[in-house]
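Subject: Structure handover

Hello,

The structure you asked for is below, followed by notes on what was found in it. Please read the notes with the coordinates open.

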Amino acid sequence: MTVQGLFSSKSNAAARISAMPRIAIVGRGFSGMMMAIALMKTMRMPFHMQLFDPNSTVSGGQALSAARSSTILNTRVRDLSVATGDTDDFNDWLCSNAEFRAAVPAAIPGFRQIFVPKEIFSDYVYQRFSEALAARKDITVQVCHEPVIAIRRSHGNRYLLESANPANPLFDTVILATGYGLPAVEAPEHDVQPVRAQRLVARPHTVLLGSGIRVVDQLLQLRDAGYAGQITIMSRHGFLPQSHTPNSADPLFPAEALPKSLPEIVRFIRTACREAEEEGGSWQSVMNGLRKHARSLWRSLPAHQKRQFNRHLRSIYDSHRNRLPEAMHARLKAELAGGNTVVLRGTAGRQGLSGIFFRPAGSQADDVIHAERIVDCRCRAPALASPLLQSLLDQGLGQPDELSLGLAVDQCGQVCLEDGTIVDGLLAVGPLGLGSLPDIDLVPEIVSQAYAAAEHVGERFYPKCKAV
Ligand SMILES: Cc1cc2nc3c(=O)[nH]c(=O)nc-3n(C[C@H](O)[C@H](O)[C@H](O)COP(=O)(O)OP(=O)(O)OC[C@H]3O[C@@H](n4cnc5c(N)ncnc54)[C@H](O)[C@@H]3O)c2cc1C
C-alpha cells in the first residue's frame, strides 16, 4: 500500500481533529517513522498526528531483487527490532517472508546474526508502521509534503509550524526528527568553477569524500557495477571502518570504575581491548560494552574534554563502532592492498568541472586533483543553520549542545535550555541530539528513545496513560 493510499481512508476525520491532542512530527526518516510507531503503540487515547517531510521516499515494496546493489546496514538483524521488549521482531518478520527465506537459505534457524540491505529494513519499518496505524481506528494521521521552515510559540503552550502551506497549523506537541537536514540541492553546472587539475593517473579516476560506511558502500557498488578505474578516498583522518566479528560480540567491559580524564579513559579502553584479545575474546566485545557506559561517561566529561574527544578521537571511535560485516571488510582490505584504491589523508576543498582542491594532512598548500567523478559520502552533521532550527534558537525555544553538534536534549529527547529547564511540548529525537547523547544516530538507541519520548508525550496529555 502506498503512503498516500494508506492515509486517504482517514481523510474524512477532519472534524474530529480539533478536539484531540495534536502532535507534529517533522521529518519522516527513520527517527520520524519510529516516533510515529512508538506513539501509535504507546498512547492509549485518541490523537491527531501530522507528519511533515518534502521527501516522499518512505516506502515499502522495494523489490528484494534490488538488494544486491543497495546499501548494507552494518547492524545485525538482532539489534534492529522496532518493537519494544521484543528483540526478535525483525528476525520474525524476515522468517515470515517467504521470498527472503528463499533468497537467504543458509540462515538457519534464524537471521539474527546476518546483515541486510537498507531497503529490507525500510520495508519492515514501513510494514510495522502500517500495522500500528491499521490497529488505531481512533487516531487521525495526515502527511504533509512541505518542509517546515519555522516554529513559533502561540496560544500559550502550543506551537505554530510554518511551511509553504499557508494553513500554519497549531500543535500541542512538536517532535523534531529532522536528522541530517534536508537533502542538499545539487549545484547547477554553470555554478561549478573550473579547476585546472593534475592527473593522478592516466585512466578513469573517481574521488570519494569521507571515510565511513557510505564510502565503503559506494566503493564496492562501483566495483560491482564493473568500474575498473582508480578510486581515491579522501578523508580528514583516514580511519576506515573496522570489521565485525563473524558472530555477534557480546558486550564485555571491565568492572573497575572508569578513570576521570579523557587520556586515562582511552588508555583504560585500550588495555581492556588488549586483555580481551589475550584471553581469546575480541576488542569488538569491549566496544559493545563501552556503548552501554557511553551516556554516563559522556555526561561526566567536562566540556573541554568533550571538545578534545570530538577533534581527535571521534573519527577513531566511529571507525570502531560503525563496523563492517566481515565479508565487506575483507573486500575493502583487498581493494586497498591491490593499489587500485588509495586513501589520501587531508582536507578536501572546492570542486570544479575537472577536479578538486585537496590539502594533504600536515601540508600548507593545496593540490588540485583530477577526477571525472567526485562523490561526497561524508555524513553531514544535523543542520543547526537550517531556517527551522534557526527560528527555534532565535526564539529561545532551545539551545545548541556544548559542542554545537545539535540541540541540547535529555534522554527522551525533550529540548533543554541553558538553565536546565525543559521546553514543554518540544522534543528533538535521533541524530539532532548527538552532542547530548552518544550513539543516538544508531537504530537501537533511536528505538529506545522513541518509546521513552512516546511515554512522555502520553503522560503529558493523560497522566495515567499506560502502554497498550
Ligand atoms: C548509509 C547508512 C547506513 C547506516 N547504517 C546503519 C546501521 O546499520 N545501523 C544503525 O544503527 N544505523 C545506521 N545508520 C544510521 C541511522 O540509520 C541514521 O542515523 C538514522 O536513520 C537517522 O534517521 P533520521 O530520520 O533521524 O534522519 P534522516 O535520515 O536525516 O531523516 C531526516 C528527515 O527529515 C526531513 N527533514 C529535514 N528537515 C526538514 C524540515 N525542515 N521539514 C520537514 N522535513 C525535514 C528530511 O527530508 C529527512 O527525510 C546508517 C546511516 C547511513 C547513512
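In the ligand site, an N or O atom in the side chain of T75 is 2.6 Å from a nitrogen atom of the ligand. Such a polar contact is a pair of N or O atoms within 3.5 Å; within protein, one must be able to donate a hydrogen and the other to accept it, and residues adjacent in sequence count only if both atoms are side-chain atoms. On its own the ligand has 1,000 Å² of accessible area, of which the protein covers 87%. Accessible areas come from the Shrake-Rupley method with a 1.4 Å probe, and for residues only the protein chains shown count as cover.

This is a predicted model, in which local features need pLDDT of at least 70 and side-chain atom pairs count only at pLDDT 80 or more, while totals for chains, interfaces and linings use all residues. Residues are numbered from 1 along each chain as its sequence is written, and side-chain values use heavy atoms, with hydrogens and water left out.

The shell around the ligand holds 30 residues, and the closest are S31, N74, T75, D441 and V443; a residue is near the ligand if one of its heavy atoms lies within 4 Å of it. By class, 17 are nonpolar, 10 polar and three charged. Here Ala, Val, Leu, Ile, Met, Phe, Trp, Tyr, Cys and Pro count as nonpolar, Asp, Glu, Lys and Arg as charged, and the others, Gly among them, as polar. Helix α13 gives the largest share of the shell, three residues. Helices (H or I, at least four residues) and strands (E, at least two) are DSSP runs, numbered from the N terminus.

Next, the strands. Five of the seven residues of β15 (residues 422-428) are buried, meaning under 20% relative accessible area, with exposed over 50% and partly exposed in between (1.4 Å probe, protein chains only). Strand β7 (residues 173-176) runs parallel to β15 and is joined to it by three bridges; V174 stands opposite L426. Strand β14 (residues 414-416) runs antiparallel to β15, with two bridges, and there Q414 stands opposite L427. Two strands pair if DSSP finds at least two bridges between them. β14 and β15 form a hairpin with five residues between them, and G420 in the turn has a positive phi of about 90°.

A separate open sheet has three strands in the order β4-β5-β6, with antiparallel pairing. Its edge strands, β4 and β6 (170-171), each pair on one side only. Six bridges join β4 to β5 (residues 158-163), and A150 has E162 in β5 as its bridge partner.

Helix α12 (residues 387-394) has L388, L389, S391, L392 and L393 as its buried residues. These pack against β1 (22-26), β4 (148-154), β7 and β15, where contact means heavy atoms within 4.5 Å. Just after α12, G396 takes a positive phi of about 70°.

Two residues have a positive phi although they are not glycines. S404 has a phi of about 55° and sits in the loop between α12 and β14. Why does S404 count as partly exposed? Because its relative accessibility is 46%. D439 has a phi of about 65° and is found in the loop between β15 and α13. D439 counts as buried because its relative accessible area is 2%.

Two further buried positions are listed here. G210 lies in the loop between β8 (205-209) and α7 (213-224) and counts as buried because its relative accessibility is 9%. G210 and I233 are 23 residues apart in sequence, yet 6.9 Å apart in space, C-alpha to C-alpha. Beyond its neighbours within four places in sequence, G210 is in contact with V215, I233, M234, S235 and R378. H329 is in helix α11 (residues 326-338) and, at 15% relative accessibility, is also buried. Not counting residues up to four places away in sequence, H329 touches P241, Q242, S243 and L324.

Regards
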